[in-house]
Amino acid sequence: MPRLVVAAPSSGSGKTTVATGLMAAFAERGLAVSPHKAGPDYIDPGYHALATGRPGRNLDAFMCGPELVAPLFAHGAAGCDLAVVEGVMGLYDGAAGRGELASTAQVAKLLRAPVVLVVDASSQSRSVAALVHGFASFDPQVRLGGVILNKVGSDRHEVMLREALEEAGMPVLGVLRRAPQVATPSRHLGLVPVAERHADALAAVAALAEQVRAGCDLDALMALARTAPRLSCAPWSPAAAPTGSGGAAPQRRPVVAVAGGAAFTFSYAEHAELLTAAGAEVVTFDPLRDEVLPEGTAGLVIGGGFPEVYAPELSANEALRGAVAAFAAAGGPVAAECAGLLYLARSLDGKPMCGVLDADARMSERLTLGYREAVAVSDSSLAAAGTRLRGHEFHRTVIEPGAGAAPAWGFTHPERRVEGFVRRGVHASYLHTHWAAEPSVARRFTEAAATWTAAVRDAAAARP
């Protein structure tokens with residue numbers, strides 16, 4: 001599998017611009033391009049998917065463990081002609097206090113992939129050689145195959161940069177000029193997701209492809225990608241992964257409704273794959289537009305996103321809020337992460353939500369961001385008490401109280417506290433998790449949905 005890792009010295013250098021542009025430019029050549037993102041970010045993979053027509057997939061060595069990075073990559077890249085991995089933060093930045101763990105450098109080493117360094121050259125000339133030399137020599141196991149210079153100001157500026165890098169023996173694989181017209185709008189948690197600006201996002205991706213096509217040597221980049229050696233691992237398989245109570249898949253496939261649309265855009269592709277492999281029928285619904293849950297809903301998954309941006313619209317959909325509340329009150333299994341937690345609350349910024357939880361949420365000035373190590377405190381439809389998972393928090397909201405009488409998780413690192421809510425079939429928390437790390441949660445949730453469906457059916461049959 002030809003593959004490249006697109007990295008940078010720091011955030012804001014242009015990784016997403018270059019990676020997305022490369023994906024789109026190679027896809028326009030008729031190649032099947034597999035898009036990946038190092039780290040837990042949900043938003044960039046949406047743009048990658050738009051550029052390639054394939055699901056954007058995350059490679060996170062903290063949440064999933066280093067041993068799953070290459071298998072998950074091989075699963076996502078199966079049948080493709082090229083894989084492009086966008087890095088996270090600076091090349092060597094990883095989980096705080098954990099060395100290289102979860103860094104782009106670690107992912108590149110695990111994939112044995114050459115790295116292309118995107119350098120913001122807007123305020124330097126010859127110094128670029130010293131910068132690149134430092135990144136190339138810092139870890140001999142990271143193979144830096146070339147540089148793409150971003151935000152180059154003029155022809156003369158380009159000449160000086162090329163001369164400096166030629167002295168350092170580092171190939172220049174592309175030069176991009178400043179192009180504000182293809183900038184992607186941001187807000188409090190990063191880029192605005194594709195689902196909220198689909199037409200504009202399509203135009204932006206097309207512009208990025210044109211910029212990269214004009215400024216980068218695609219043939220040289222493809223040649224570099226082909227130098228990646230063969231991976232020896234077997235691809236991860238959702239069909240082989242689900243474990244847990246050990247029983248066979250349910251005889252009747254329970255319908256698991258997964259929230260989508262503009263307000264709930266954060267999800268990992270492997271979650272739906274694991275639910276399907278565990279025996280569920282996965283159906284997507286949009287809490288902004290749909291007034292009823294999908295027919296036969298037996299389980300409800302409400303992931304992350306931006307409900308705070310759409311609080312008035314979500315609140316106005318009283319019919320669906322009532323349906324979610326009734327489902328939870330009847331004991332239906334619900335797994336809610338971050339945005340889902342807010343949606344289940346009594347209110348969000350003063351707007352009525354579903355009222356499943358005796359808690360109120362609001363926007364905050366403080367950004368809560370970071371990896372977490374957690375243990376399930378209470379038995380739930382998602383995890384048995386004692387289940388250990390790694391995840392991450394990423395929000396600018398607070399919910400009061402922060403935990404219910406039966407908390408969802410106890411954090412063991414970097415701080416000790418309990419968080420979230422378990423109530424009947426509901427598991428709601430701020431913690432984002434990647435189920436590939438613990439596939440038993442998909443099996444457990446699917447079994448809970450099947451059991452709840454059977455109980456409802458039997459109760460209906462018993463009525464006179």
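Guide: Helices here are DSSP runs of H or I with at least four residues, strands are runs of E with at least two, and both are numbered from the N terminus. Ala 311 lies in one such run, helix 10 (residues 311-316). The model is predicted: local features need pLDDT of at least 70, side-chain atom pairs count only at pLDDT 80 or more, and totals for chains, interfaces and linings use all residues. Residues are numbered from 1 along each chain as its sequence is written, and side-chain values use heavy atoms, with hydrogens and water left out.

Visitor: Why is Ala 311 called buried?

Guide: Buried means under 20% relative accessible area, exposed over 50% and partly exposed in between, with a 1.4 Å probe and protein chains only. Ala 311 has a relative accessible area of 3%, so Ala 311 is buried. Leaving aside neighbours within four places in sequence, Ala 311 is in contact (heavy atoms within 4.5 Å) with Leu 348, Lys 351 and Met 353.

Visitor: How do you know that the buried residues of helix 6 line one face?

Guide: The buried residues are His 157, Glu 158, Leu 161, Ala 164 and Leu 165. Seen down the axis of helix 6, they fall within an arc of 130°, so they line one face of the helix. That arc is taken from the directions from the helix axis to the C-beta atoms. An α-helix has 3.6 residues a turn, so residues three or four places apart point the same way. On the other side of helix 6, Asp 155, Arg 156, Glu 166 and Glu 167 are exposed.

Visitor: What covers the buried residues of helix 6?

Guide: The cover includes helix 5 (127-138), strand 6 (144-152) and strand 7 (172-177).

Visitor: Why are strand 3 and strand 7 called edge strands?

Guide: Two strands pair if DSSP finds at least two bridges between them. The open sheet has seven strands in the order 3-2-4-1-5-6-7, with parallel pairing. Strand 3 (57-59) and strand 7 each pair on one side only.
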